[in-house]
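Please look over the model before reading on.

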Amino acid sequence: MSSSDNPQFEPQPMVTVEPQAPMPITPDPFVPVGLAPGPTAPPPVENPVWSGWDVLLIAVLTFLTMLVLQMLVIVGALWLVYPHSNLAAVAQKPILLLLSQFLIYAAVAACMVMLVEGKYHVAFWRAIRWNWPRSEWKLLGIGAAMMIVLGLLQSLLPMPKDTPFEHLFDRPRDAYLLAIIAVSLGPLMEELFFRGFMYPVLARRMGAAWAIALTALPFGLIHLPQYGWAWGAALVIVLVGVVCGIVRAQTGSVGASFLVHVGYNGTQMLIAVVVTQGFRHMPKALAQLSLF
């Protein structure tokens, strides 16, 4: 058979492939040198447009905003609402703590949106991977079940007799305001920062397991002052962060981890409402509730 009848045997032209230079890797403050991926590492599942430096910037701004706004709220209330009281007494009023918390959340949310959309010119909710899931009740149920299981664990751990968190329930009005924040703004802002903003940066460089652990740890530590610096309460909240991180990693959705968080907090608030008969018998009934 001739070569013209069998083109597959004809000599093929040589194709020269020029090697491409690897893309430079921007140093990231969250990456230990020994854990940095090599040049043959597979492409990361998470690839946010922001860096670890941006996460640190938001964390620092949050801390400074918390100091400034809390002081402004307390001084303003002392001057306008409680002129005959002293600064220490005004600073302990739960309504002012809740008001300052709301203002802090609003300021931090504005900083995150301006950073993502202003610096990187991408839509915030898409970049943060909100991705609202379809199985809302299933995720809420996971949060509720986690609340029961971890509540039983907490009953076995040493806990302080009196915590700042319990004093937020001293008046029914304050307790209801806290309950509203606990199932809305609280889990929203915490999930946006820890699982939406911080997690993907860590997962891109260190993998999902390290990212889950390293976002759960500060998530638990920031709640320590509320529970009188009790390590048992911190451990429980770290475990909440671990579960929320696993849900975020498995679903790729911050909306999913938000619903689990809401299920946990919502169950906690519902138990408090039932035990205290609508926050009317405080704080003795609440003290009997070992889940707090």
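Arg173 is partly exposed, at 42% relative accessible area (partly exposed lies between buried, under 20%, and exposed, over 50%, with a 1.4 Å probe and protein chains only). The side chain of Arg173 meets that of Asp174 in a salt bridge, 3.3 Å from N to O (a side-chain nitrogen of Lys or Arg within 4 Å of a carboxyl oxygen of Asp or Glu). The model is predicted: local features need pLDDT of at least 70, side-chain atom pairs count only at pLDDT 80 or more, and totals for chains, interfaces and linings use all residues. Residues are numbered from 1 along each chain as its sequence is written, and side-chain values use heavy atoms, with hydrogens and water left out.

**Salt bridges**

- Searching the whole structure gives five salt bridges.
- Asp174, the partner of Arg173, is buried at 2% relative accessibility.
- Glu46 pairs with Arg129, with 3.1 Å between the closest N and O atoms. Glu46 lies in the segment before α1 (52-80) and Arg129 in the loop between α4 (124-127) and α5 (136-154), so this bridge ties together parts 83 residues apart in sequence. Helices here are DSSP runs (H or I, at least four residues), numbered from the N terminus.
- Glu46 is buried, at 6% relative accessibility. Arg129 is partly exposed, at 26%.
- Glu46 and Arg129 also belong to a salt-bridge network with Arg248.
- Asp54 and Lys119 form another salt bridge, 3.1 Å from N to O. Asp54 sits in helix α1 and Lys119 in helix α3 (residues 94-119), so the pair links parts 65 residues apart in sequence.
- Asp54 is buried, with a relative accessible area of 4%. Lys119 is partly exposed, at 48%.
- Side chains of opposite charge can pair when their charged atoms come close.

**Nonpolar cores**

- The largest nonpolar core has 59 residues (a core is a set of buried Ala, Val, Leu, Ile, Met, Phe, Trp, Tyr and Cys residues joined through side-chain atoms within 4.5 Å).
- Met112, Phe169, Leu192, Phe193 and Phe197 have the most contacts inside this core.
- At least two core residues come from each of α1, α3, α5, α7 (172-182), α8 (185-206), α9 (208-221), α10 (231-251) and α11 (254-275).
- Helix α8 gives the largest share, eleven residues.
- A second, separate core has five residues, including Val73, Ala77, Val90 and Leu96.

**Packing of α8 and α9**

- The axes of α8 and α9 are 8 Å apart, at an angle of about 145°. Axes are lines fitted to C-alpha atoms over the stretch in contact, and angles run from 0 to 180 degrees between N-to-C directions.
- From α8, the contact (heavy atoms within 4.5 Å) uses Glu190, Phe194, Arg195, Met198, Tyr199, Leu202, Ala203 and Met206.
- From α9, the contact uses Ala208, Trp210, Ala211, Ile212, Leu214, Thr215, Pro218 and Phe219.
- By class, this contact has 13 nonpolar, one polar and two charged residues. Ala, Val, Leu, Ile, Met, Phe, Trp, Tyr, Cys and Pro count as nonpolar, Asp, Glu, Lys and Arg as charged, and the others, Gly among them, as polar.

**A glycine in α5**

- Gly151 is found in helix α5.
- Gly151 is buried, at 2% relative accessibility.
- From Gly151 to Ala233 is 9.9 Å, C-alpha to C-alpha, while the two are 82 residues apart in sequence.
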